[in-house]
Amino acid sequence: MAERDRRTVRDLRRGNRARVLQRLYFDGPLSRQELGPATGLSSGSISNVVSELVTEGVLEEAGMVDSEGGRPRTLLRVTPTSGLLIGIDIGETRVRVELFDLSLTELGRTEHLLAQHGYDVERVVAHVRTGVADVLRDADADAASLLGIGIGVPGIVEQEASNGATGATGAIVHGQTIGWSAVPFEKLLRDAVELPPEVPLFIDNGAKTLGQAEMWFGGGRGAREAAVALIGSGVGACVVHASTPDENARSSALEWGHTTVQIRGRRCRCGSLGCLEAYAGAEALRERWQEAGGPLPADADDETALAALLAAAFPGPEGPEPDPVALSLLDDTAEYLGAAVADLINLFHPERILIGGWAGLLIGPRLLPEVRRYAGEYALRHAAARTAIEMGQLGPDAVTVGAATLPLADFLARGGSRPPVAPVRPAASARRA
C-alpha cells in the first residue's frame, strides 16, 4: 500500500508539472497568477511546480507585466536552451535531418538526396547516422542535451512490436510502396547512430508528424478535428482529434493514397489498380505527363517533372499559350483529389482539411479552387458545408518539424523530466552462461 501511495504522489506531481509546462509552452509567457486558472491548480501547487522547474532550468523569467493596483507580475516561459530535439523526415526524395531547441528554432540541418527508387534500408540508416552527427557537430551541440529524436517514415509503423525472426524490438516499418517489409527500423538506428543510451527514438508515419505540426503550429491550430494530406511522390493523410497533448490528442495515419478513385484504373506502385496515388502523387503525375507527350527528359525526377508540368499549364502573362494537355491532366488530378477529399469529409466530418507535402504545396495553390468544387460535388452537402479545405501553413519542412514534436510531446507529458535509461539487455549467449 505504501508503495502504491508513493507512486500516486509521484504521478500527481508529474501531472501537475506537465499541466504547467504545456500551458506555458502553448500559451506563454504567463505569470504565476495566470497559470492558476489556466491549469486548474492551486496557488500553492503552482508555486511548488514553478520553483522546481526554475531550479532545474526548464523554466525561466521572461520579463514583467503591470498588474492592476499591485506589484508587477513576473512572466515565465519554457527555457528554449534547456534541451535539444532532432526531427528527421525519411522522405521519398531525400532524408532531411534538422536540429532544434525547445522553441523549435532551427539550429542546424542537412539533407541527403535519395536516387529515384533508392530506398535501400542500409543507405537510409547511413544517411540518418551521418545527418545526426553533422547537425550536432555544426551546432557545436552535445548529444547528451538531446531530449529525443523523432523520425517520420513512409508506411505503416507498428509501435513496440517484435519480430520473431530476428528478436528485434521497437518500431517496425511496413512500407510496401518503397519495398520495406517488417523493417526493424528502430533497432537498426539504435545500433548504427552514435547516441547516449538515454536519448529516446520516436518513429511514426510521416503524415502523422505532418498533421501534428500543422495542428500545433499551422493551419490546424484551434480545430477540434482536422484531416491533413501529405502529397509527395506518394500520397498519405492523417486525421487528428484535439490539437495539444493536454487535450488527449489522438491521431490516425490513413493509407488515403491507396483508396480507389478509378475502378480498374492505373496500376499503383502498391500493386493495386485505380489508387489515388496512381493519379495524384508526384511520381504518377510525372508518368502521366510523359505518357501524354510532355517534353521531359527520360531521367527527369519527380520534382523537375512537376515543375515543368505546372509551367506548361500556367506559363504566366509573358509566356506562351497554356498547354491544353497539361491543363486537362491537372483538371483530372483536381477531380481525383476532390473526390478523395470528399471521402475524408463523409467519413470523418473534420472541421478542416489541409493540403501539405512538397508536391501538395506546389500544385495546391493552382488546384485548390477546383479541388474544393469537386469535393462539394462528391461529398454530402451538410458535411461539406462544415469543412474548410485549405493549404497547410508550415511549408516543406513540416514533416521534420512534426517529427521533432514527438520527443517534445513526450518531454512535456513527463513534466520536463527525461525518460529513464532503458536497461541494457545481455546478449543471448551471456544469459545462457
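Rings of Phe, Tyr and Trp, the last represented by its six-membered ring, count as a pair if their centres lie within 6.5 Å. On that basis, Y25, F26, W216 and F217 form one aromatic cluster in this predicted model.

**Aromatic residues**
- The whole structure holds 5 aromatic pairs.
- One of these pairs joins W180 and F185 in a tilted arrangement, with 5.2 Å centre to centre and 45° between the planes.
- Both W180 and F185 are buried.
- W216 and F217 form an edge-to-face pair, at 5.8 Å centre to centre and with 80° between the planes.
- W216 counts as buried because its relative accessibility is 2%, under the 20% limit.
- F217 has a relative accessibility of 32% and therefore counts as partly exposed.
- W216 and F217 also belong to the aromatic cluster that includes Y25 and F26.

**Nonpolar cores**
- The largest nonpolar core comprises 52 residues.
- W256, L276, L306, L309, L337, V341 and I345 are the residues with the most contacts inside this core.
- Once neighbours within four places in sequence are set aside, L337 is in contact with I231, W256, L276, A280, I363 and V371.
- Another core, of 41 residues, lies apart from the largest one; L76, M215, V240 and L354 are among its members.

**Second largest pocket**
- The second largest pocket contains about 690 Å³ of space.
- Its lining is made up of 39 residues, of which E92, P154, L230, G234 and V235 are the closest to the pocket centre.
- At least two lining residues come from each of strand 4 (84-90), strand 5 (94-101), strand 9 (168-175) and strand 13 (235-241).
- Helix 6 (206-217) and helix 13 (398-413) likewise each supply at least two residues of this lining.
- By class, the lining of the second largest pocket consists of 15 nonpolar, 16 polar and 8 charged residues.

**Residue N205**
- N205 is located in strand 11 (residues 201-205).
- With a relative accessibility of 9%, N205 counts as buried, because that value is under 20%.
- Leaving aside neighbours within four places in sequence, the contacts of N205 are V153, G155, V157 and A253.

**Backbone exceptions**
- Most residues other than glycine have a negative phi, and most peptide bonds are trans.
- The peptide bond from G28 to P29 is cis, with omega near 5°.
- P29 is placed in the loop between helix 1 (2-27) and strand 1 (30-31).
- A182, although not a glycine, has a positive phi of about 50°.
- A182 lies in strand 10 (residues 180-183) and, at 25% relative accessibility, counts as partly exposed.
- R264 is not a glycine either, and has a positive phi of about 50°.
- R264 is found in the loop between strand 14 (250-254) and helix 7 (277-280).
- The relative accessibility of R264 is 72%, so R264 counts as exposed, the limit for that class being over 50%.

Conventions
Residues are numbered from 1 along each chain as its sequence is written. This is a predicted model: local features need pLDDT of at least 70, side-chain atom pairs count only at pLDDT 80 or more; totals for chains, interfaces and linings use all residues. Side-chain values use heavy atoms; hydrogens and water are left out. A nonpolar core is a set of buried Ala, Val, Leu, Ile, Met, Phe, Trp, Tyr and Cys residues joined through side-chain atoms within 4.5 Å. Buried means under 20% relative accessible area, exposed over 50%, partly exposed in between (1.4 Å probe, protein chains only). Contact means heavy atoms within 4.5 Å. Helices (H or I, at least four residues) and strands (E, at least two) are DSSP runs, numbered from the N terminus. On a 1 Å grid over the protein atoms alone, a cavity is a set of points where a 1.4 Å probe fits but cannot get out, and a pocket is an open set with protein on both sides within 12 Å along at least five of seven lines; lining residues have an atom within 4 Å of a point. Grid points are joined across faces, edges and corners, and a volume is the space filled by probe spheres set on the points. Ala, Val, Leu, Ile, Met, Phe, Trp, Tyr, Cys and Pro count as nonpolar, Asp, Glu, Lys and Arg as charged, and the others, Gly among them, as polar. Rings of Phe, Tyr and Trp (its six-membered ring) pair if their centres lie within 6.5 Å; planes under 30 degrees apart count as stacked, over 60 as edge-to-face and the rest as tilted.
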